[in-house]
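Please look at the sequence and the model before reading on.

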Amino acid sequence: GELKLEHGGVIPNLKMSYVTHGKLNAKKDNTILFLHGFGMNHHQADHLLGPGKPLDTNKYFIICADELGNTQTTFEHSTSPSNSGLKMKFPAYNARDMNSALYKLVTEGLKIPHLLAISGISMGADHSVQFAVSYPDFVDGIFPISGGALWGNQGYFFGAFAESIIQSCAGWDSGNYNDNPKVCAANGLSALIPYFYTRDWWERNIDSPEAYQKWRNTWGEYYLDIQDARDLYYLYKSGGLGWIGDTPGFKGDFMAALKSIKAKTLFIYNEDDQFMPPEHIATQVKAIPNSRAVH
């Protein structure tokens with residue numbers, strides 16, 4: 001159906017791609033929605049899924065969806081600037097629009113009126129917190145992994161930097177190309193590479209040019225070299241078009257938005273995370289009722 005966007009645009013025929021695991025019970029009260037990270041897809045949580053695993057398919061019905069604007073080129077996916085055919089005429093969207101699309105998928109597409117929990121990694125973790133603010137009575141709990149409502153300074157820098165890399169790349173053609181210049185997307189994502197792991201991890205594991213090339217080839221096939229440049233550009237832009245602090249109804253009061261969260265909240269974080277420093281997690285735990293964090 002139609003998806004109205006926060007900045008005035010409209011997507012007339014929204015399509016959402018997803019996969020489910022486990023079985024929906026008769027009461028429809030065992031559903032977990034899992035949200036992928038930046039530039040990823042619905043397979044990101046595969047290692048966490050299965051009988052007896054953290055996302056236990058013997059107990060829960062788990063929806064792994066591709067978010068609005070999904071950027072990878074290796075399969076058919078949710079509506080995006082490129083697969084819609086609109087190219088640079090595609091309307092601008094933000095994180096709340098991405099959540100609105102997910103809400104439509106769950107409630108209208110799958111006819112599920114309420115969620116037991118929402119989780120996600122990185123960007124998906126950010127969106128799970130926004131979800132709990134935007135739809136306070138829709139979900140019982142959230143458990144963001146390596147993400148949340150506050151980024152470190154690097155998070156605010158890399159978006160604009162990556163956009164400029166993509167725009168200055170040969171083959172970009174102001175985003176109106178016909179043949180995807182995948183090197184532009186790979187170069188744009190390179191702004192993120194230093195933060196994929198901790199500084200200590202890089203020092204211990206990437207200790208030679210050969211080690212880096214092996215890592216690069218693996219991540220190329222999995223992530224870096226399978227992106228649509230235009231879709232990725234829109235995704236980067238979405239980060240600057242809204243955050244939890246400007247959620248409608250809170251008059252720009254970030255702390256008030258966090259305090260409005262009714263869902264039980266568990267942050268799972270890494271003390272050495274360069275995007276989400278521990279002090280930012282602590283700020284959110286202090287503000288959100290019934291919340292805690294583990295690392």
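## Contacts and overall form

Of the contacts (heavy atoms within 4.5 Å) in the protein chain between residues at least 6 apart in sequence, 75% join residues at least 24 apart. The model is a predicted one, in which local features need pLDDT of at least 70 and side-chain atom pairs count only at pLDDT 80 or more, while totals for chains, interfaces and linings use all residues. Residues are numbered from 1 along each chain as its sequence is written, and side-chain values use heavy atoms, with hydrogens and water left out.

The protein chain contains nine helices and 11 strands; these are DSSP runs numbered from the N terminus, with at least four residues of H or I for a helix and at least two of E for a strand. The radius of gyration, taken over C-alpha atoms, is 19 Å, close to the 19 Å from the globule rule (2.2 Å times the number of residues to the power 0.38) for 295 residues, so the chain is as compact as a globular protein of that length. Along the principal axes, the C-alpha atoms fill a box of roughly 50 × 50 × 40 Å.

## The open sheet

Seven strands form an open sheet in the order β3-β7-β4-β8-β9-β10-β11, with mixed pairing. Two strands count as paired if DSSP finds at least two bridges between them. At the edges lie β3 (18-21) and β11 (291-294), each of which pairs on one side only. Neighbouring strands of this sheet are turned by 15° against each other on average, direction ignored; axes are lines fitted to C-alpha atoms, for helices over the stretch in contact, and angles run from 0 to 180 degrees between N-to-C directions.

Strand β10 (residues 264-268) pairs with β11 in the parallel sense over four bridges. T265 has S291 in β11 as its bridge partner. Helix α9 (residues 278-287) lies across β10 and β11, and runs at about 155° to β11.

## The nonpolar cores

A nonpolar core is a set of buried Ala, Val, Leu, Ile, Met, Phe, Trp, Tyr and Cys residues joined through side-chain atoms within 4.5 Å. Buried means under 20% relative accessible area, with a 1.4 Å probe and protein chains only. The largest core has 73 residues, and L33, F38, Y236 and L258 have the most contacts inside it. Helix α7 (residues 229-238) gives the largest share of this core, six residues.

A second, separate core of 11 residues includes F34, L49, C64 and A117. Buried residues make up 53% of the 295 residues in the protein chain.

Methods. Buried < 20%, exposed > 50% of the residue type's maximum accessible area, 1.4 Å probe, protein only.
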